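Please examine the structure shown below together with its sequence.

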Amino acid sequence: MFNDRARIHVQAGRGGDGALSFRREKYVPKGGPDGGDGGRGGDVVLVADADLRDLSRFRRQRAFRGGRGGHGGGSGKHGANGQDIKLAVPIGTQVFDSDRNLVVDLAHAGAKAVLARGGSGGRGNRQFATPTRQTPRFAEVGQPGEEADFELRLKLLADVALVGLPNAGKSSLLRRISNAKPKVAEYPFTTLEPVLGTVDSPDGRQLTVADVPGLIEGASEGVGLGGEFLAHLERARLLAHVIDAAAGDPAEQFQTIDRELAAYGAGLDTRPQVVVLNKVDLLPSPPSLRLDDERIVGVYVVSCATGEGITEFKRALFELVPEPQERASDDALADFLVYRPAPRARAFKILRTDRGFRVTGRPPAGEELEEALRAAGAKSGDEVEVGEEVLEFQ
Ligand SMILES: Nc1nc2c(ncn2[C@@H]2O[C@H](COP(=O)(O)OP(=O)(O)OP(=O)(O)O)[C@@H](O)[C@H]2O)c(=O)[nH]1
Ligand SMILES: [Mg+2]
(Lines give C-alpha, C1' and ligand atoms only; values in the text may rest on other atoms or scores of the structure.)
(Ligands and ions follow the chains in the order given, each with its own letter.)
Protein backbone atom coordinates (compact mmCIF):
# COMPACT_ATOMS: atom_id res chain seq x y z
CA MET A 1 0.00 0.00 0.00
CA PHE A 2 1.21 3.49 -0.89
CA ASN A 3 0.27 5.86 1.91
CA ASP A 4 0.30 9.47 0.91
CA ARG A 5 -1.70 10.81 3.83
CA ALA A 6 -1.39 10.58 7.59
CA ARG A 7 -2.77 12.31 10.63
CA ILE A 8 -0.49 12.72 13.58
CA HIS A 9 -0.60 14.13 17.06
CA VAL A 10 2.56 15.66 18.42
CA GLN A 11 3.42 16.79 21.88
CA ALA A 12 6.74 18.32 22.74
CA GLY A 13 8.37 17.55 26.07
CA ARG A 14 7.73 19.49 29.19
CA GLY A 15 10.63 21.45 30.60
CA GLY A 16 12.19 20.12 33.81
CA ASP A 17 11.50 21.87 37.09
CA GLY A 18 14.00 24.18 38.70
CA ALA A 19 15.35 22.87 41.98
CA LEU A 20 14.60 24.23 45.42
CA SER A 21 17.76 23.59 47.36
CA PHE A 22 20.19 25.17 49.83
CA ARG A 23 23.88 24.61 50.15
CA ARG A 24 24.90 22.38 53.02
CA GLU A 25 28.52 22.55 53.96
CA LYS A 26 30.16 21.23 57.03
CA TYR A 27 31.43 24.51 58.43
CA VAL A 28 28.85 26.84 56.89
CA PRO A 29 25.80 26.90 59.12
CA LYS A 30 23.44 28.59 56.68
CA GLY A 31 24.25 27.91 53.01
CA GLY A 32 22.74 30.01 50.23
CA PRO A 33 20.25 28.80 47.61
CA ASP A 34 21.84 26.43 45.07
CA GLY A 35 18.91 24.94 43.14
CA GLY A 36 19.81 24.52 39.45
CA ASP A 37 17.55 25.05 36.44
CA GLY A 38 15.46 22.39 34.73
CA GLY A 39 16.38 21.21 31.23
CA ARG A 40 14.43 22.13 28.08
CA GLY A 41 11.74 19.73 26.86
CA GLY A 42 12.42 17.86 23.61
CA ASP A 43 10.97 19.11 20.29
CA VAL A 44 9.08 17.04 17.74
CA VAL A 45 10.75 17.59 14.36
CA LEU A 46 10.05 16.36 10.83
CA VAL A 47 13.03 15.69 8.57
CA ALA A 48 12.77 14.97 4.85
CA ASP A 49 14.58 11.76 3.99
CA ALA A 50 15.39 10.84 0.40
CA ASP A 51 15.22 7.12 1.17
CA LEU A 52 11.56 7.08 2.15
CA ARG A 53 8.86 6.59 -0.43
CA ASP A 54 5.66 7.11 1.49
CA LEU A 55 4.03 7.82 4.84
CA SER A 56 3.23 4.22 5.79
CA ARG A 57 5.26 4.39 9.00
CA PHE A 58 2.45 6.53 10.42
CA ARG A 59 0.00 3.66 10.15
CA ARG A 60 1.72 1.98 13.06
CA GLN A 61 2.18 5.03 15.25
CA ARG A 62 0.39 8.36 15.11
CA ALA A 63 1.20 10.03 18.41
CA PHE A 64 4.66 11.32 19.24
CA ARG A 65 6.03 12.94 22.36
CA GLY A 66 9.25 14.78 22.86
CA GLY A 67 11.31 13.81 25.90
CA ARG A 68 10.73 15.52 29.20
CA GLY A 69 13.45 17.87 30.43
CA GLY A 70 15.32 16.72 33.53
CA HIS A 71 14.81 18.54 36.81
CA GLY A 72 17.49 20.80 38.17
CA GLY A 73 19.41 19.61 41.20
CA GLY A 74 21.29 20.88 44.22
CA SER A 75 24.74 22.43 43.85
CA GLY A 76 23.44 24.36 40.83
CA LYS A 77 23.08 21.21 38.76
CA HIS A 78 21.29 21.86 35.46
CA GLY A 79 18.71 19.30 34.36
CA ALA A 80 19.36 17.42 31.12
CA ASN A 81 17.52 18.60 27.99
CA GLY A 82 14.70 16.32 26.88
CA GLN A 83 15.30 14.22 23.80
CA ASP A 84 14.09 15.64 20.47
CA ILE A 85 11.94 13.28 18.43
CA LYS A 86 12.95 13.26 14.76
CA LEU A 87 10.40 11.84 12.38
CA ALA A 88 11.66 11.01 8.91
CA VAL A 89 9.22 11.69 6.07
CA PRO A 90 9.62 11.41 2.30
CA ILE A 91 10.64 14.44 0.27
CA GLY A 92 7.51 16.24 -0.90
CA THR A 93 5.65 15.92 2.38
CA GLN A 94 3.40 18.87 3.13
CA VAL A 95 2.13 19.60 6.61
CA PHE A 96 -1.32 21.04 7.30
CA ASP A 97 -2.58 22.24 10.66
CA SER A 98 -6.04 21.47 12.04
CA ASP A 99 -7.46 24.51 10.20
CA ARG A 100 -6.16 23.00 6.95
CA ASN A 101 -3.53 25.69 6.51
CA LEU A 102 -0.35 24.61 4.82
CA VAL A 103 2.27 25.02 7.51
CA VAL A 104 5.34 23.67 5.86
CA ASP A 105 6.58 22.01 2.69
CA LEU A 106 9.50 19.61 3.04
CA ALA A 107 10.64 19.85 -0.53
CA HIS A 108 14.24 18.68 -0.43
CA ALA A 109 16.40 16.16 1.37
CA GLY A 110 17.36 17.25 4.85
CA ALA A 111 14.66 19.92 5.14
CA LYS A 112 13.46 20.18 8.72
CA ALA A 113 10.45 21.59 10.47
CA VAL A 114 9.78 21.82 14.18
CA LEU A 115 6.13 20.85 14.68
CA ALA A 116 6.09 21.26 18.45
CA ARG A 117 8.61 23.10 20.56
CA GLY A 118 9.62 21.76 23.92
CA GLY A 119 8.79 23.77 27.03
CA SER A 120 11.54 25.74 28.69
CA GLY A 121 12.98 24.50 31.93
CA GLY A 122 12.06 26.19 35.22
CA ARG A 123 14.66 28.31 36.99
CA GLY A 124 16.11 26.98 40.20
CA ASN A 125 15.86 28.99 43.39
CA ARG A 126 19.47 30.05 43.02
CA GLN A 127 18.33 32.43 40.30
CA PHE A 128 15.80 34.13 42.52
CA ALA A 129 18.27 35.22 45.19
CA THR A 130 18.55 39.00 45.60
CA PRO A 131 20.30 41.09 48.24
CA THR A 132 17.01 41.48 50.05
CA ARG A 133 15.82 37.93 49.50
CA GLN A 134 18.72 35.70 50.31
CA THR A 135 16.77 32.52 50.88
CA PRO A 136 14.18 32.18 48.12
CA ARG A 137 12.02 29.25 49.15
CA PHE A 138 10.62 28.63 45.69
CA ALA A 139 11.69 27.55 42.24
CA GLU A 140 9.98 27.64 38.83
CA VAL A 141 8.35 24.56 37.37
CA GLY A 142 9.03 23.69 33.73
CA GLN A 143 6.78 24.99 30.94
CA PRO A 144 4.58 22.54 29.05
CA GLY A 145 5.62 21.59 25.52
CA GLU A 146 3.52 22.59 22.50
CA GLU A 147 0.89 20.11 21.41
CA ALA A 148 -1.01 19.93 18.12
CA ASP A 149 -2.62 17.79 15.42
CA PHE A 150 -1.35 17.83 11.88
CA GLU A 151 -2.18 16.19 8.59
CA LEU A 152 0.71 15.09 6.42
CA ARG A 153 0.20 14.82 2.67
CA LEU A 154 2.82 13.55 0.32
CA LYS A 155 2.87 15.17 -3.09
CA LEU A 156 5.67 13.65 -5.07
CA LEU A 157 8.34 15.94 -6.34
CA ALA A 158 9.37 14.80 -9.78
CA ASP A 159 10.84 16.73 -12.68
CA VAL A 160 8.79 14.72 -15.14
CA ALA A 161 5.61 12.68 -14.62
CA LEU A 162 4.49 9.99 -17.04
CA VAL A 163 0.76 10.02 -17.71
CA GLY A 164 -1.43 8.01 -20.01
CA LEU A 165 -4.02 5.31 -20.37
CA PRO A 166 -3.38 1.91 -18.78
CA ASN A 167 -1.10 -0.33 -20.84
CA ALA A 168 0.34 2.57 -22.84
CA GLY A 169 3.84 1.55 -21.79
CA LYS A 170 4.60 4.11 -19.05
CA SER A 171 6.37 1.61 -16.83
CA SER A 172 8.22 0.14 -19.80
CA LEU A 173 9.44 3.63 -20.64
CA LEU A 174 10.59 4.29 -17.06
CA ARG A 175 12.51 1.00 -17.13
CA ARG A 176 14.16 2.07 -20.37
CA ILE A 177 15.28 5.50 -19.22
CA SER A 178 15.89 5.21 -15.47
CA ASN A 179 17.28 3.04 -12.71
CA ALA A 180 13.75 2.07 -11.56
CA LYS A 181 12.33 -1.36 -12.31
CA PRO A 182 8.55 -1.01 -12.14
CA LYS A 183 6.43 -4.02 -13.03
CA VAL A 184 5.39 -4.34 -16.67
CA ALA A 185 2.58 -6.59 -17.85
CA GLU A 186 0.17 -6.91 -20.75
CA TYR A 187 -2.92 -6.11 -18.67
CA PRO A 188 -4.21 -2.67 -17.59
CA PHE A 189 -3.61 -1.32 -14.09
CA THR A 190 -0.34 -3.11 -13.59
CA THR A 191 1.09 -0.14 -11.77
CA LEU A 192 -0.79 0.34 -8.51
CA GLU A 193 1.23 3.10 -6.94
CA PRO A 194 3.57 5.83 -8.11
CA VAL A 195 7.17 4.83 -8.78
CA LEU A 196 10.05 7.27 -8.94
CA GLY A 197 13.10 6.72 -11.13
CA THR A 198 16.31 8.64 -11.59
CA VAL A 199 17.50 9.39 -15.11
CA ASP A 200 21.18 10.21 -15.66
CA SER A 201 22.52 12.35 -18.47
CA PRO A 202 25.96 11.77 -19.99
CA ASP A 203 27.17 15.04 -18.43
CA GLY A 204 26.14 14.01 -14.93
CA ARG A 205 22.81 15.73 -14.55
CA GLN A 206 19.93 13.86 -12.97
CA LEU A 207 16.18 14.03 -13.35
CA THR A 208 13.49 12.31 -11.35
CA VAL A 209 10.68 10.79 -13.35
CA ALA A 210 7.45 9.55 -11.79
CA ASP A 211 5.42 6.68 -13.23
CA VAL A 212 1.85 7.20 -12.08
CA PRO A 213 -0.91 4.54 -12.32
CA GLY A 214 -2.84 4.65 -15.60
CA LEU A 215 -5.68 7.12 -16.00
CA ILE A 216 -9.03 6.37 -17.64
CA GLU A 217 -12.09 8.38 -18.51
CA GLY A 218 -13.64 9.62 -15.26
CA ALA A 219 -10.36 9.39 -13.32
CA SER A 220 -10.81 12.92 -12.01
CA GLU A 221 -14.08 11.79 -10.44
CA GLY A 222 -12.52 8.73 -8.91
CA VAL A 223 -13.01 6.13 -11.67
CA GLY A 224 -10.21 3.57 -11.83
CA LEU A 225 -7.02 3.86 -9.91
CA GLY A 226 -5.21 6.84 -11.32
CA GLY A 227 -7.54 9.50 -10.00
CA GLU A 228 -6.30 9.32 -6.47
CA PHE A 229 -2.79 9.80 -7.74
CA LEU A 230 -3.49 12.89 -9.84
CA ALA A 231 -2.28 15.01 -6.92
CA HIS A 232 1.17 13.56 -7.51
CA LEU A 233 1.29 15.21 -10.93
CA GLU A 234 0.78 18.66 -9.45
CA ARG A 235 4.41 19.29 -8.75
CA ALA A 236 5.91 17.82 -11.92
CA ARG A 237 7.52 20.42 -14.12
CA LEU A 238 6.83 18.54 -17.31
CA LEU A 239 4.24 15.91 -18.16
CA ALA A 240 5.18 13.15 -20.58
CA HIS A 241 2.02 11.80 -22.09
CA VAL A 242 2.59 8.21 -23.19
CA ILE A 243 0.29 6.85 -25.90
CA ASP A 244 0.04 3.34 -27.35
CA ALA A 245 0.23 4.34 -31.00
CA ALA A 246 -0.86 0.85 -32.04
CA ALA A 247 -4.11 1.06 -30.07
CA GLY A 248 -6.06 3.47 -32.22
CA ASP A 249 -6.13 7.17 -32.98
CA PRO A 250 -3.44 8.89 -30.88
CA ALA A 251 -5.29 12.22 -30.96
CA GLU A 252 -8.38 10.61 -29.45
CA GLN A 253 -6.35 8.93 -26.72
CA PHE A 254 -4.62 12.22 -26.02
CA GLN A 255 -7.93 14.00 -25.58
CA THR A 256 -9.33 11.39 -23.20
CA ILE A 257 -6.49 11.98 -20.78
CA ASP A 258 -6.43 15.70 -21.36
CA ARG A 259 -10.08 16.01 -20.33
CA GLU A 260 -9.26 14.33 -17.01
CA LEU A 261 -6.31 16.64 -16.39
CA ALA A 262 -8.54 19.65 -17.08
CA ALA A 263 -11.31 18.31 -14.85
CA TYR A 264 -8.87 17.76 -12.02
CA GLY A 265 -7.63 21.36 -12.27
CA ALA A 266 -4.71 22.53 -10.13
CA GLY A 267 -2.99 23.72 -13.31
CA LEU A 268 -2.45 20.24 -14.74
CA ASP A 269 -4.08 21.19 -18.04
CA THR A 270 -1.72 24.12 -18.59
CA ARG A 271 1.49 22.24 -17.75
CA PRO A 272 3.94 21.81 -20.62
CA GLN A 273 3.77 18.35 -22.12
CA VAL A 274 5.66 16.07 -24.40
CA VAL A 275 3.81 13.35 -26.24
CA VAL A 276 5.44 9.93 -26.54
CA LEU A 277 4.01 7.75 -29.29
CA ASN A 278 5.02 4.29 -28.10
CA LYS A 279 4.98 0.77 -29.60
CA VAL A 280 5.95 1.90 -33.10
CA ASP A 281 7.50 -1.55 -33.62
CA LEU A 282 3.92 -2.80 -34.04
CA LEU A 283 3.13 -0.33 -36.84
CA PRO A 284 3.94 -0.65 -40.53
CA SER A 285 4.57 3.09 -40.84
CA PRO A 286 5.36 5.78 -38.27
CA PRO A 287 2.31 7.33 -36.63
CA SER A 288 1.55 11.00 -36.75
CA LEU A 289 -0.15 13.29 -34.33
CA ARG A 290 -1.66 16.53 -35.50
CA LEU A 291 -2.61 18.68 -32.58
CA ASP A 292 -2.43 22.42 -32.60
CA ASP A 293 -1.66 22.86 -28.96
CA GLU A 294 0.85 25.26 -27.47
CA ARG A 295 1.36 23.14 -24.37
CA ILE A 296 2.91 20.38 -26.45
CA VAL A 297 6.61 21.10 -26.56
CA GLY A 298 7.62 17.93 -28.38
CA VAL A 299 6.37 14.69 -29.95
CA TYR A 300 8.60 11.59 -29.80
CA VAL A 301 8.13 8.35 -31.63
CA VAL A 302 9.59 5.44 -29.66
CA SER A 303 9.49 1.73 -29.02
CA CYS A 304 10.17 0.54 -25.52
CA ALA A 305 10.42 -2.96 -26.99
CA THR A 306 13.26 -2.25 -29.45
CA GLY A 307 14.72 0.90 -27.92
CA GLU A 308 14.04 2.97 -31.02
CA GLY A 309 13.80 6.70 -30.26
CA ILE A 310 14.64 6.30 -26.58
CA THR A 311 18.00 8.12 -26.67
CA GLU A 312 16.43 11.11 -28.41
CA PHE A 313 13.59 11.19 -25.92
CA LYS A 314 15.96 11.06 -22.98
CA ARG A 315 18.10 13.85 -24.39
CA ALA A 316 14.99 15.96 -24.94
CA LEU A 317 13.96 15.61 -21.31
CA PHE A 318 17.20 17.21 -20.17
CA GLU A 319 16.76 20.03 -22.67
CA LEU A 320 13.17 20.68 -21.70
CA VAL A 321 13.52 20.54 -17.95
CA PRO A 322 15.49 23.54 -16.76
CA GLU A 323 18.49 23.04 -14.50
CA PRO A 324 17.33 22.92 -10.92
CA GLN A 325 18.21 25.86 -8.74
CA GLU A 326 21.05 25.32 -6.38
CA ARG A 327 20.19 22.54 -3.98
CA ALA A 328 19.82 23.64 -0.42
CA SER A 329 22.35 22.33 2.05
CA ASP A 330 21.57 19.40 4.28
CA ASP A 331 20.79 21.47 7.28
CA ALA A 332 18.45 23.86 5.52
CA LEU A 333 15.09 24.74 6.88
CA ALA A 334 12.00 23.61 5.11
CA ASP A 335 11.31 25.45 1.86
CA PHE A 336 8.67 27.66 3.25
CA LEU A 337 7.00 28.18 6.50
CA VAL A 338 3.73 29.64 5.40
CA TYR A 339 2.26 29.94 8.81
CA ARG A 340 3.70 29.16 12.14
CA PRO A 341 1.96 30.28 15.29
CA ALA A 342 4.38 31.89 17.69
CA PRO A 343 4.53 30.01 20.96
CA ARG A 344 2.10 31.74 23.26
CA ALA A 345 4.03 33.03 26.24
CA ARG A 346 2.19 32.29 29.40
CA ALA A 347 0.99 35.32 31.33
CA PHE A 348 1.68 33.53 34.60
CA LYS A 349 4.35 31.44 36.26
CA ILE A 350 4.07 28.49 38.56
CA LEU A 351 6.66 28.30 41.29
CA ARG A 352 7.27 25.36 43.54
CA THR A 353 7.54 26.19 47.24
CA ASP A 354 8.32 24.20 50.39
CA ARG A 355 4.65 23.48 50.97
CA GLY A 356 3.26 23.40 47.45
CA PHE A 357 2.96 25.98 44.69
CA ARG A 358 2.84 29.70 44.15
CA VAL A 359 1.20 31.25 41.06
CA THR A 360 2.45 34.65 39.93
CA GLY A 361 1.56 37.05 37.11
CA ARG A 362 -1.94 36.96 35.64
CA PRO A 363 -3.18 33.43 36.17
CA PRO A 364 -6.28 32.14 34.38
CA ALA A 365 -9.34 31.24 36.41
CA GLY A 366 -10.84 27.90 37.31
CA GLU A 367 -10.15 24.80 35.30
CA GLU A 368 -7.37 26.20 33.16
CA LEU A 369 -5.32 27.04 36.23
CA GLU A 370 -6.16 23.72 37.80
CA GLU A 371 -4.94 21.89 34.74
CA ALA A 372 -1.72 23.91 34.62
CA LEU A 373 -1.11 23.11 38.28
CA ARG A 374 -1.83 19.43 37.79
CA ALA A 375 0.56 19.36 34.84
CA ALA A 376 3.15 21.02 37.08
CA GLY A 377 2.79 18.16 39.52
CA ALA A 378 0.27 19.51 42.04
CA LYS A 379 -1.50 16.87 44.12
CA SER A 380 -4.55 16.96 46.32
CA GLY A 381 -3.71 18.61 49.63
CA ASP A 382 -0.86 20.76 48.25
CA GLU A 383 -0.89 24.38 49.27
CA VAL A 384 -1.34 26.82 46.39
CA GLU A 385 -0.68 30.55 46.85
CA VAL A 386 -2.41 32.77 44.31
CA GLY A 387 -1.80 36.44 45.03
CA GLU A 388 -2.75 36.99 48.66
CA GLU A 389 -4.83 33.86 48.84
CA VAL A 390 -3.67 30.50 50.08
CA LEU A 391 -5.73 27.61 48.80
CA GLU A 392 -5.60 23.88 49.08
CA PHE A 393 -5.34 21.99 45.80
CA GLN A 394 -8.20 19.55 45.27
N1 LIG B 1 5.35 -4.28 -28.76
C2 LIG B 1 5.54 -3.43 -27.80
N3 LIG B 1 5.02 -3.67 -26.59
C4 LIG B 1 5.23 -2.76 -25.62
C5 LIG B 1 5.99 -1.59 -25.83
N6 LIG B 1 6.00 -0.89 -24.67
C7 LIG B 1 5.31 -1.59 -23.77
N8 LIG B 1 4.83 -2.72 -24.34
C9 LIG B 1 3.99 -3.72 -23.68
O10 LIG B 1 2.77 -3.13 -23.31
C11 LIG B 1 2.27 -3.72 -22.12
C12 LIG B 1 2.01 -2.65 -21.09
O13 LIG B 1 3.22 -2.05 -20.70
P14 LIG B 1 3.39 -1.32 -19.32
O15 LIG B 1 4.71 -0.64 -19.35
O16 LIG B 1 3.10 -2.23 -18.19
O17 LIG B 1 2.22 -0.24 -19.45
P18 LIG B 1 1.77 0.86 -18.39
O19 LIG B 1 1.41 2.08 -19.16
O20 LIG B 1 2.77 1.02 -17.34
O21 LIG B 1 0.44 0.20 -17.84
P22 LIG B 1 -0.31 0.42 -16.42
O23 LIG B 1 0.68 0.29 -15.37
O24 LIG B 1 -1.30 -0.69 -16.40
O25 LIG B 1 -0.95 1.74 -16.51
C26 LIG B 1 3.33 -4.73 -21.67
O27 LIG B 1 2.95 -5.99 -22.09
C28 LIG B 1 4.58 -4.26 -22.40
O29 LIG B 1 5.48 -5.30 -22.66
C30 LIG B 1 6.54 -1.38 -27.14
O31 LIG B 1 7.20 -0.39 -27.43
N32 LIG B 1 6.26 -2.31 -28.05
MG1 LIG C 1 2.62 0.62 -15.37
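The sections below treat the basis of the model, the ligands, the strands and some individual residues.

## Basis of the model

This is a predicted model, in which local features need pLDDT of at least 70, side-chain atom pairs count only at pLDDT 80 or more, and totals for chains, interfaces and linings use all residues. Residues are numbered from 1 along each chain as its sequence is written, chains are lettered from A and ligands numbered from 1 in the order in which they are written, and side-chain values use heavy atoms, with hydrogens and water left out.

## The magnesium site

Ligand 2 is a magnesium ion, coordinated at 2.0 to 2.1 Å by Ser171 through OG and by Thr191 through OG1. Donors are N, O and S atoms within 2.8 Å of the metal (3.2 Å for Na, K and Ca); water is not among the atoms, so sites may look incomplete. The two residues link distant parts of the chain, 20 residues apart: Ser171 belongs to helix H2 (residues 170–177), and Thr191 to the loop between H2 and strand E11 (195–200). Helices (H or I, at least four residues) and strands (E, at least two) are DSSP runs, numbered from the N terminus.

Both Ser171 and Thr191 are buried. Buried means under 20% relative accessible area, exposed means over 50%, and partly exposed lies in between (1.4 Å probe, protein chains only).

## The surroundings of ligand 1

Ligand 1 is surrounded by 23 residues, and the closest are Ser172, Phe189, Thr190, Asp281 and Cys304. A residue is counted here if one of its heavy atoms lies within 4 Å of the molecule. H2 supplies the largest share of this shell, with three residues.

Several polar contacts, defined as pairs of N or O atoms within 3.5 Å, can be listed; within protein, one atom must be able to donate a hydrogen and the other to accept it, and residues adjacent in sequence count only if both atoms are side-chain atoms. A backbone N or O atom of Asn167 is 2.9 Å from an oxygen atom of ligand 1. An N or O atom in the side chain of Asp281 lies 2.8 Å from a nitrogen atom of ligand 1. For Ser303, a polar side-chain atom is 3.4 Å from an oxygen atom of ligand 1. Taken alone, ligand 1 exposes 650 Å², of which the protein buries 87%. Accessible areas come from the Shrake-Rupley method with a 1.4 Å probe; for residues, only the protein chains shown count as cover.

Strands E4, E2 and E7 form an open sheet in the order E4-E2-E7, with mixed pairing. Two strands pair if DSSP finds at least two bridges between them. Strand E4 (85–90) and strand E7 (112–116) are the edge strands, each pairing on one side only. Strand E2 (residues 44–49) runs antiparallel to E7, and four bridges join them. Val47 has Lys112 in E7 as its bridge partner.

Another open sheet has five strands in the order E8-E17-E18-E19-E20, and its pairing is also mixed. Strand E8 (138–140) and strand E20 (389–392) each have a single partner strand, so one side of each is left without a neighbour in the sheet. E8 and strand E17 (residues 348–353) run antiparallel and are joined by three bridges. In this pair, Glu140 has Leu351 in E17 as its bridge partner.

Strand E5 (residues 93–97) is mostly covered, with five of its five residues buried. Thr93, Val95 and Asp97 point one way, Gln94 and Phe96 the other way, and all are buried.

E5 pairs with strand E6 (residues 102–106) in the antiparallel sense over four bridges, and the bridge partner of Val95 in E6 is Val104. The two strands form a hairpin with four residues between them, and Arg100 in the turn has a positive phi of about 65 degrees. E5 also runs antiparallel to E9, joined by five bridges. Here Phe96 has Glu151 as its bridge partner.

## Residues in loops

Phe189 lies in the loop between H2 and E11. Although Phe189 is not a glycine, its phi is positive, at about 60 degrees. Is Phe189 buried, partly exposed or exposed? Phe189 counts as partly exposed because its relative accessibility is 30%.

Pro284, in the loop between E14 and strand E15 (296–301), is exposed, with a relative accessible area of 83%.
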